[in-house]
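Dear colleague,

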Amino acid sequence: MWTWFHKLGSPPHFYRISAWLTPWFAWAALVLIVIGAYGGLYIAPADYQQLDGFRIIYVHVPSASLSLFIYVNMAIAAAVGLIWRIKLAHAVAAACAPIGASFTFLALATGSIWAKPMWGTWWVWDARLTSELVLLFLYFGYMALRAAIDDDNRADRASALLAIIGVVNVPIIKYSVEWWNTLHQPATISKLGKPSMDFDMLIWLLVMLAGFMCFFAAVLLTRVRAEVLVRSRGQKWLKQALQEN
Amino acid sequence: MDVPGLGTVFWLQVKRDLQLAFRHVGQLANPLMFFIMVTTLFPLALNPMPKLLEAIAPGVVWVAALLASLLAAEGLFRQDVDDGTMEQLALSPQPLALMLLAKTTAHWLITGLPLVIMSPVVGYALFLPREAVPTTMIALALATPILNLIAGAMAALTVGLRRGGGLLSLLILPIVMPVLIFGARATDMAMSGMDPAGALYLLAALMLLALSLTPFAMAAAMRISLD
């Protein structure tokens, strides 16, 4: 197990494996998202209350769950990089941030688009919306810190520490915001908390979620490959690998 | 060789920082002045109606306190890093986490405590009801150490950077949002005659969490910034 772990941490090995893995994830993502979108938009029955308006959840919910999932992923990768001093793990964390921020933004945007006709407003200070917004700020902070430090090695470690501090805070932020909101606002808006979904609707959501996961994996691998290329520039194995192609 | 105990070292460090701070009394008062001035802005920018001011008072006091501690965070470690004192601390046999905790304690005594003491005056100017004042003071006394500790960890991360200012606020603000929520809610609850104990307990819990974890984060961050 440990040799596997160390092997994975070596850039040449990763570069080879990822070249092989990326298309698999990319094709799986494409197939799953097409199936999920078709199922969600045509096959799934319309909601009895929101009619077809609910169908945006097939994009909204996967991006919202990925936004948090990626942040935790980023913090784990950062911690691995910091503890075992694996440069590749830092590269993974660095590659996670912009993807996670994009998904967070997508979740907020699709949420607003859905909220306009349903709640009659683009934005409410609802607990979930607010914690998603704070998550976006956390991503921005991480990326800003990384961008501000010129030295690669220091940027890696400093931003890794920030990601770990952030992930400790994520649950605190989530519950504080929920508590703030329940005290502050009447329950007019949270009526749609979490509807127990019908199986016909849920199945396509799960397909979409799996598709989004594969998409994330494919994009992540591509980004990490790019990071590895930048970081290992001028190294012998890279020249060989490039010449083989 | 006679090695002084950890407690002694802690107090020596606090004493040194306080001494240094009191030699620049002008700088000392900056965060406090900022706190008072920001609260002055709100009646000017909005409407000096007592009713309106009373309604926004908890939010204004807390946001102003948050911004004031943000302003102070910038200078927390800068000077010591610039003149090499921090390297000596990092090399010393005493744990760096403890030394940085001592520095943050001194920093709180200089910048956090005055905010707590001044808050009744600011509250009075904003027509904060008298029964909410003790709660606000307790809540601020619990919250300002958290703000300083988190600001300390972030300041340690960014201390080596030339353009740290805006970045520092971007790093601190999302993390300290829960403190703002609990603090302002405690004041709010006391104003409306409810029992603010719940919010205060949560603040106290957050303070203990910050007190036990952030010194290590600070030390780790400082070691990264120093090499």
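Predicted model: local features only at pLDDT ≥ 70, side-chain atom pairs only at ≥ 80, totals over all residues.

The C-alpha trace of chain B spans about 65 × 35 × 30 Å along its principal axes. Its radius of gyration is 18 Å, which agrees with the value near 17 Å that a compact globule of 227 residues would have. Of the 227 residues in chain B, 47% are buried, and among the contacts between residues at least 6 apart in sequence, 82% join residues at least 24 apart.

Where chain B meets chain A, the contact takes 19 residues from chain B and 22 residues from chain A. On the side of chain B that touches chain A, the elements giving two or more residues are α8 (133-158), α9 (165-191) and α10 (197-226) of chain B, and α9(B) gives the most, with eleven residues. By class, that side of chain B has 17 nonpolar, no polar and two charged residues.

In chain A, Pro23(A) is found in helix α2 (residues 11-43). Pro23(A) counts as exposed because it has 11 C-beta neighbours inside 10 Å, where the cut-off for an exposed residue is 12 or fewer. The C-alpha atoms of Pro23(A) and Ala217(A) are separated by 10 Å, although the two residues are 194 residues apart along the chain.

With kind regards

Notes
Residues numbered from 1 in each chain as written. Chains lettered and ligands numbered in written order. Contact = placed C-beta atoms within 7 Å. Helix = DSSP H or I, 4+ residues; strand = E, 2+ residues; numbered from the N terminus. Nonpolar A, V, L, I, M, F, W, Y, C, P; charged D, E, K, R; others polar. Buried ≥ 20, exposed ≤ 12 C-beta atoms within 10 Å, placed from the backbone. Rg over C-alpha atoms; globule rule 2.2 N^0.38 Å.
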